[in-house]
Amino acid sequence: MNVLLINGSPKGHGSNSIRLAKSFIEGFCEGAGNCNIEELNLPSMKIGACRGCFACWRATPGVCCIKDDMQTVLEKEQNADLIVWSFPLYYFNVPGLLKNMIDRQLPMSLPFMAERTDGCGNGSHEARIDMSRVKHVLVSTCGFWTAEGNYDSVTRMFDHFLGKDNYTTIFCGQGELFRVKELSKQTDEYLNLVKKAGIEYANGSISDDTERKLKEPLLPKDIFERTADASWGVSKESGEKLSEDLIFTKQMAALYNKSAYDGKDRVLEMNYTDLGTSYQILFTKDGSKVITDHSLASTTIINTPFEVWSAISRGEMEGSEALGKGLYSVNGDFSLMLKWNDFFYSRGNGADSESKTDKNNESKKKDLKNPSMTTMLIPWIAFWIAVSIQPKIGALITLGICALLPLIMGKHRFVIWDKLSIALVALLSVFANLTNKGDITTNAGYLLFGLLWLSSCVVKEPLCATYVKYSYGSDAAFRNPLFMKTNYVLAACWGMLYVLTAVWTWFLRKAELDLLALIINNAVPVLMGIFTAWFQKWYPAHLAKGKN
Ligand SMILES: Cc1cc2nc3c(=O)[nH]c(=O)nc-3n(C[C@H](O)[C@H](O)[C@H](O)COP(=O)(O)O)c2cc1C
């Protein structure tokens, strides 16, 4: 397969559109197997404007009188099986550079008048050389938020030039995002999709699903337009040139996803420690605003070298990981950090992307219903209550509850800790039923329950993390050292508490202080629950202040 890539962007190799075109060709060649790719970079070629002399029709049929690189273009076109036309949208059409090259296609046509048979206008010229076997794909980016409705002139021209329905198109809005490193997650995701389109095209045609996804905007309209406005580095109000850190802060503010507003106005202070500058971003239900005069009281302050934060936003570093390593610190209200992924838009909240994969996994798991810690707790609570009242009957009741658990908690996915709990409680219940020994078995239950928690401290996923990770970006939470440390500490605390419960219960019962044991054993988990609720907020914020 001979593939000819025609780069019609005046930006040459720096073109946004060419990145899409190359991804398409990569996919196409993967799908087609064997490919020979040639690229024509129009801005670096010498192609003069058509003089309109018709010498190629009259004096030297099929040969243009201008001696420049156009001869090479025509030869390569004739050699190609697939031509990929890559170009930006300029004033709702192709750039002059490409139009110039298209005008110079005249030697490829015969001069004689012919009927137009495809209903696309009136009048035609037959081809001098049969190019009907050549396939064409147009790949283009434009600057507005969507390509929809902006390519009518382009398609009209190519309808006449290549023939209606004789070419395939990939038109993408928000083209300038492809040069923004900070948004590479979003743009890489799109490029992967374009590559997929290439594979599908090689196997017949681009699927409806891929076509639909290719038309989805990279960023929602309002977020894109705010980000684009901020990217020019010029104040919208005064026209003044802005500093790099302020442009960056404005772009960050532009990515604010106001649907994440939780009823609380927030003021985030970005304190760039290496530059000695700081800016505030006000987040309200109506949107975000960058404040440069520090007129507001900051609710959260991020102290960071500018480079560190830029690297995080370029996706070169995971923010939570950098925080865990003390590369930056956070003071004040930490809830913003915990909600970061909801607060700032990315395609896939979106891209290559790790976060996209997490999101996909998350939604797949959502279909399977997220697990609930209640599933794990029900067998234990039922066991402790029922068996301490009456070991034999209580054990049977507990076994019944374990058997019915899939019905009771049918809305939730069962994880390893749920299954282990059911198995352990079932074993203990059988033992209680056979021996009629309520005290020993309930106490053994405390010990096993404690050991279950403690054992989770030596595996990748501490017990509590399995259930709460869905509020922290699902599996992405495992890359968050603050989340992991918090959950390991909590799992260890709960584990120790129940091992100790087994110990003191044994002593208290021995001393015939059963009532005291009952009171303590009911009060302590409640107190521990209150501690957990406080600790899971306090500890990450404490670590984020750089106090680890
Ligand atoms: C002279 C000029 C005219 C443009 N006209 C349009 C236009 O009509 N509509 C649009 O959406 N974008 C327009 N743009 C934006 C480009 O299409 C957009 O930046 C594109 O991504 C550039 O692609 P490239 O990097 O492949 O050259 C224009 C840009 C320039 C420089």
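Tutor: A helix, as the word is used here, is a DSSP run of type H or I with at least four residues, and helices are numbered from the N terminus. The model itself is predicted, and within it Thr505 has its place in helix H19, which covers residues 481-510.

Student: Why is Thr505 counted as buried?

Tutor: The relative accessibility of Thr505 is 0%, and since buried means under 20% relative accessible area, Thr505 counts as buried.

Student: With which residues is Thr505 in contact, leaving aside its neighbours within four places in sequence?

Tutor: Contact requires heavy atoms within 4.5 Å, and on that basis Thr505 is in contact with Asn443, Tyr446, Ala517 and Asn521. As for Leu454, which lies 51 residues from Thr505 along the chain, the two C-alpha atoms are separated by 19 Å.

Student: What makes Cys29 and Cys35 a disulfide?

Tutor: The sulfur atoms of Cys29 and Cys35 are 2.4 Å apart, and a pair of cysteine sulfur atoms within 2.5 Å is called a disulfide, so the pair qualifies. The structure holds 1 disulfide, and the link of Cys29 and Cys35 is left-handed, with -85° about the S-S bond.

Student: How is Cys35 classed by its relative accessibility, and why?

Tutor: Cys35 has 23% relative accessibility and therefore counts as partly exposed, since that class lies between the 20% limit for buried and the 50% limit for exposed. Cys29, at 12%, is buried, as is Cys120 at 1%, and Cys402 also counts as buried, at 9%.

Student: Why are H1 and H5 called oblique to each other?

Tutor: The axes of helix H1 (residues 16-32) and helix H5 (residues 184-202) come within 6 Å and cross at roughly 40°. Roughly parallel would require an angle under 35 degrees, and roughly perpendicular begins at 65, so H1 and H5 are oblique to each other. Their crossing is right-handed. The contact is made by residues including Leu20, Phe24 and Phe28 of H1 and Leu191, Val194 and Ile199 of H5, and by class it has 11 nonpolar, 4 polar and 5 charged residues.

Student: How do you know that H14 and H16 are roughly parallel to each other?

Tutor: The axes of helix H14 (residues 373-389) and helix H16 (residues 416-435) cross at roughly 15°, coming within 8 Å. Because angles under 35 degrees count as roughly parallel, that is the term used for H14 and H16. The crossing of H14 and H16 is left-handed. Among the residues that make the contact are Trp380 and Phe383 of H14, together with Trp417, Leu424 and Leu428 of H16, and the residues of this contact divide into 11 nonpolar, 3 polar and 1 charged.

Student: Why is Phe158 called buried?

Tutor: Phe158, which is found in helix H4 (residues 152-162), has a relative accessible area of 0%, and so Phe158 is buried, the limit for that word being under 20%. Leaving aside neighbours within four places in sequence, Phe158 is in contact with Trp85, Phe87, Val94, Ile102, Leu138, Gly163 and Tyr167. Of these, Leu138 is 20 residues from Phe158 in sequence and 9.2 Å away in space, C-alpha to C-alpha.

Key:
Residues numbered from 1 in each chain as written. Predicted model: local features only at pLDDT ≥ 70, side-chain atom pairs only at ≥ 80, totals over all residues. Heavy atoms only, no water. Axes fitted to C-alpha atoms, helices over the stretch in contact; angles between N-to-C directions. Helix = DSSP H or I, 4+ residues; strand = E, 2+ residues; numbered from the N terminus. Parallel < 35°, antiparallel > 145°, perpendicular 65-115°, else oblique. Left-handed = near helix turned anticlockwise from the far one by under 90°. Nonpolar A, V, L, I, M, F, W, Y, C, P; charged D, E, K, R; others polar. Buried < 20%, exposed > 50% of the residue type's maximum accessible area, 1.4 Å probe, protein only.
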